[in-house]
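Biologist: I would like to go through this structure step by step. Let us begin with how a term is defined and then take the chains in turn.

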Amino acid sequence: MVSKLVVIGVIILGVIAIAQLIRVYEISSKLRNNNEAEISTRDNKFNANLMLLFMFVLFGGFIWLMLSYGWTGRGEAASVHGKETDWLLNLNFIIIIAVFFLTNSLLFIFAYKYVKKIGVPAYFYPHNNKLEMMWTIAPALVLAVIIILGLRTWNEVTSSANPESIRVELFSKQFDWTARYSGLDNILGKFDYKLTADNNELAIMTTNTIDSAIHYMESGSDGINLIEDKLNDEHLIFSDSDRESLLIDLDRKNKLVGLLYQMKERHDPNSDATAWDDFIQKDTLYLCKGKEYEFNFRSKDVIHSAYFPHFRAQMNTVPGMTTRMKFTPTLTTLEMREKKNDKKFNYALLCNKICGGAHYKMKMMVVVLEENTYKIWLNNKSTQTFRDKYFASN
Amino acid sequence: MSEGNQDNHDHHHETFVSKYIFSQDHKMIGKQFLMTAVFMGIVAMLLSTLFRMQLAWPGESSDFVSLFLGEEWAPGGIMKEDMYLGLVTIHGTIMVFFLLTGGLSGTFSNLLIPLQIGARDMASGFLNMLSYWFFLLSSILMLASLFVESGPAMAGWTIYPPLSALPQAVSGSGTGMTLWLMSMSVFIASSLIGSLNYIVTVLNLRTKGMSMTRLPLTIWAFFITAIIGVLSFPVLFSAVLLLIMDRVAGTSFYLSDIIVGGEMLAQHGGSPLLYQHLFWFLGHPEVYIVLIPALGLSSEIISTNSRKPIFGYRAMIGSILAIAFLSFIVWAHHMFVTGMNPFLGSVFVFTTLLIAIPSAVKVFNYITTLWRGSIVYTPAMLFTIGLVSTFITGGVTGIILADAALDIAIHDTYFVVAHFHVVMGLSAVFGMFAGVYHWFPKMFGRMLNNRMGYVHFWITIVGAYGVFFPMHFVGLAGAPRRYYNYSVYQDFDMESYNLMFDLNVIITIFAIISALAQIIFLFNFFYSIFRGPKANKNPWKSNTLEWTTPVEHIHGNWPNELPTVHRWAYDYSKPGAEEDFISQIIPLKEGEEEH
């Protein structure tokens with residue numbers, strides 16, 4: 001229905017455009033008789049008036065947008081640093097909006113006022129060093145303030161997290177998020193992508209997971225032994241390209257298994273405990289109000305970006321590299337619902353780096369709880385550690 | 001400075017092919033660049049109309065969409081998610097590289113450098129021709145990528161790996177990306193050949209008396225742009241080359257620890273951030289490669305049509321130099337939230353915000369040039385004032401984005417999209433339109449219709465602001481860019497969703513209006529090439545040398561000796577002169593100060 005209206009709208013606009021075109025063309029053919037490039041006084045005056053009118057339209061449009069949409073979408077920041085960056089954002093906005101109005105009005109008022117008038121020559125005014133110094137120094141001073149305030153906040157926001165802050169890992173892949181809480185010891189177990197398996201999606205590193213990864217790589221359903229058997233089997237006949245791709249696959253797996261053996265050698269079994277007590281949480285991320293969180297971000301495939309719009313927080317997740325970011329939620333989900341007067345409101349974690357077709361659907365709900373309810377949830381979870389799940393699945 | 005004494009009366013016979021196709025004449029090459037860019041611009045604008053319709057009316061079937069995308073990519077008139085990303089990617093690539101780099105710099109550097117410095121042609125006519133043909137080849141490759149089965153590149157115009165390196169991650173990273181990379185490699189070659197030629201020409205072929213401090217600001221702008229290009233494009237080339245290696249040779253420059261499509265890749269040790277550093281080392285100067293020529297053209301036009309010298313000529317040169325220098329040390333402000341060391345981030349906050357200073361100087365100088373002027377409203381002048389306005393409006397939001405602490409919350413949202421479209425897209429497009437309206441008589445020997453120009457400008461500027469002003473608010477509400485639709489917000493935040501929905505409809509309507517307004521321009525442009533009123537030699541009463549050449553194009557530009565320059569280009573309304581302009585070739589009167 002709407003699309004039909006649009007098509008009709010477009011057609012009408014198109015017709016108007018063509019009609020205008022023809023009209024303008026007729027006028028222009030009349031004008032062509034006097035073969036002059038001179039712009040008539042009437043045209044000058046007409047455009048000068050439009051300049052002034054446009055200024056009012058521009059400013060009016062801006063004010064209307066500010067009044068009707070100004071901050072509605074953003075709402076109040078729900079994190080400690082978010083309140084500070086919002087304050088800074090507002091300050092910056094005041095400065096730039098002032099500059100916007102000042103310079104645009106000078107531009108359009110001059111454009112209106114100094115239109116060509118017969119008998120009034122332009123004023124030959126090639127330069128004025130004092131004036132130019134002034135408008136070099138003035139912006140420099142304003143910018144100095146902006147830079148100092150900005151860097152102060154930036155340093156605070158990006159400084160390392162408290163040792164006591166809660167460690168949570170956010171693991172991204174096309175097209176969802178998985179969280180891993182660090183368990184009772186507040187230490188996240190190590191990981192390595194080569195350990196990824198059906199019962200170890202996050203590739204967590206323990207003696208058992210290394211062994212099973214080696215076993216799978218060597219004698220699993222697509223393992224090295226099987227490929228070698230296939231290649232050596234005289235009864236099987238491969239096309240050149242099939243053989244080629246099997247060889248490439250074998251080469252890749254040999255490289256990987258070599259690395260796995262290295263990993264096994266270097267692995268300290270005592271560190272297993274840090275991994276076993278971790279627990280994995282899908283779909284919804286639970287946070288506790290007033291506690292600082294340090295998030296460790298990982299990616300399985302391409303770059304994603306963990307974007308928490310309501311907490312004013314964002315960090316890319318990069319394959320092959322752990323990135324970190326901290327924030328402290330200040331409003332529970334219920335409190336925010338009340339403030340927004342929206343019973344269905346939720347915090348969310350979105351993906352904000354193009355990552356493939358379903359990029360726009362990649363999200364995780366975020367729920368901020370009061371400390372007592374958070375504790376109840378946490379107690380529930382402590383019976384579902386990685387150890388429990390891993391051995392249950394074996 | 002060349003002594004041009006070659007005999008131009010003896011015209012050698014030119015065939016159609018040597019005159020119009022494999023021409024080595026800089027004026028013809030400039031026109032070839034313009035025509036190609038106009039075509040590419042139309043394609044890119046059409047792509048944006050298609051994806052704007054998807055954003056405003058998601059899930060609605062549209063005959064317009066199915067007309068262009070067909071059943072394959074838009075079953076039932078609803079475009080596929082992948083294709084949406086493809087459209088966004090190719091729109092960005094064409095606009096930035098093909099319209100605003102090749103088109104803007106290619107057209108006007110070629111047309112104006114020899115004409116305004118008093119040279120017979122470019123230093124190397126052959127390389128100049130080669131530069132155009134490489135440009136055309138790369139345009140064809142880029143357009144061809146729209147027609148391959150797995151779709152065009154879909155990783156965004158910045159083509160960040162691993163997404164762009166792994167065909168398993170998105171279908172466009174297959175053949176489409178291969179064509180994209182081939183096209184870009186050829187484009188970079190074209191740009192480098194062209195830029196080297198511009199630099200050599202400006203340095204060596206200036207006519208007698210044309211010292212660097214008498215050069216029109218247009219030439220300064222093209223000269224500096226060419227230097228930026230020569231220093232930064234090779235870095236993009238190396239980035240592209242390493243990406244090609246990762247794609248075909250199994251290297252791991254950008255890839256590490258990846259599992260994609262169920263396959264565990266053996267690549268280890270590479271860094272996706274390396275690509276981003278290399279890309280933005282070009283990518284940020286690229287913004288100024290796009291913008292500075294537009295600023296150069298507008299400096300010339302604003303002075304001519306205010307009938308006043310450009311205010312602060314030396315400060316204008318100084319600010320271009322400062323911007324060019326700073327543009328090389330700000331690239332990582334695109335990477336505040338990539339996981340880069342925060343200390344590095346602070347350095348880039350500082351250098352980035354410094355750019356506001358020379359930019360402010362330029363704006364104030366433009367405004368002072370208008371002050372007590374005698375403004376003549378040619379369509380070129382309208383677009384120039386439009387440029388100054390968008391340069392201000394887009395520039396100030398840059399201050400927010402450059403502030404790393406603030407960037408965290410709005411990085412990669414529509415606020416960014418709005419910012420760079422206004423400051424770079426609109427300013428450069430307005431500069432390009434201004435240039436076309438102003439130098440059309442020089443290019444084609446005929447005049448464009450002014451009235452159609454007025455209609456074109458006023459609809460375009462209202463439409464353009466109508467598109468990009470609301471977009472800031474969509475971004476502030478937290479709408480990530482490159483989203484196929486915003487339905488995800490319906491699940492948790494209706495207030496934001498409603499805002500995004502309302503404004504996206506408004507934006508798309510303005511986008512369609514602006515797109516339609518360009519038909520007026522196209523009509524005017526093509527009609528006037530053949531039927532426009534004949535131009536006289538100096539229609540805008542301008543001082544620069546190109547207006548001393550005959551209207552009919554001849555090889556070597558000046559029929560007799562090359563002109564000698566005696567003054568700067570901005571003696572408009574000089575007290576004591578009879579007319580309100582004094583061409584650069586007129587000697588100073590006794591006792592007259594230069595300026």
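Modeller: A residue counts as buried if 20 or more other C-beta atoms lie within 10 Å of its own. Keep in mind that this is a predicted model.

Biologist: What percentage of the 595 residues of chain B count as buried?
Modeller: Chain B is built with 16 helices and 2 strands. The cut-off is 20 or more other C-beta atoms within 10 Å. Applied to the 595 residues of chain B, the share that counts as buried is 66%.

Biologist: What radius of gyration does chain B have?
Modeller: The C-alpha trace of chain B spans about 80 × 50 × 50 Å along its principal axes. A compact globule with 595 residues would have a radius of gyration near 25 Å, and the value for chain B agrees with this, being 24 Å.

Biologist: What radius of gyration does chain A have?
Modeller: Chain A comes to 11 helices and 10 strands, and its C-alpha trace spans about 95 × 65 × 55 Å along the principal axes. Of its 394 residues, 36% count as buried. A compact globule of 394 residues would have a radius of gyration near 21 Å, but chain A has 32 Å.

Biologist: Which helix gives the largest share of the side of chain B that touches chain A?
Modeller: The contact takes 124 residues from chain B and 113 residues from chain A. On the side of chain B, the largest share is 12 residues, and these come from residues 450-476, helix α15 of chain B.

Biologist: How many residues on that side of chain B are nonpolar?
Modeller: The side of chain B that touches chain A has 17 charged and 27 polar residues. The nonpolar residues there number 80.

Biologist: Why is strand β7 of chain A described as largely enclosed by the rest of the structure?
Modeller: In a regular strand the side chains alternate between the two faces of the sheet. On one side of β7(A), A:Ala313, A:Met315 and A:Thr317 are buried, and on the other A:Gln314 and A:Asn316 are buried too. The strand is largely enclosed because its buried residues are 5 of 5.

Biologist: Which residue of β7(A) is the bridge partner of A:Tyr307?
Modeller: Strand β6 of chain A, residues 304-308, pairs with β7(A) in the antiparallel sense over 5 bridges. The hairpin has 4 residues between the strands, and in it A:Arg312 takes a positive phi near 55°. Within β7(A), the partner of A:Tyr307 is A:Gln314.

Definitions and conventions:
Residues are numbered from 1 along each chain as its sequence is written. Chains are lettered from A and ligands numbered from 1 in the order in which they are written. This is a predicted model: local features need pLDDT of at least 70, side-chain atom pairs count only at pLDDT 80 or more; totals for chains, interfaces and linings use all residues. The radius of gyration is taken over C-alpha atoms; the globule rule is 2.2 Å times the number of residues to the power 0.38. A residue is buried if 20 or more other C-beta atoms lie within 10 Å of its own, exposed if 12 or fewer, and partly exposed in between; C-beta atoms are placed from the backbone. Two residues are in contact if their C-beta atoms, placed from the backbone, lie within 7 Å. Ala, Val, Leu, Ile, Met, Phe, Trp, Tyr, Cys and Pro count as nonpolar, Asp, Glu, Lys and Arg as charged, and the others, Gly among them, as polar. Two strands pair if DSSP finds at least two bridges between them.
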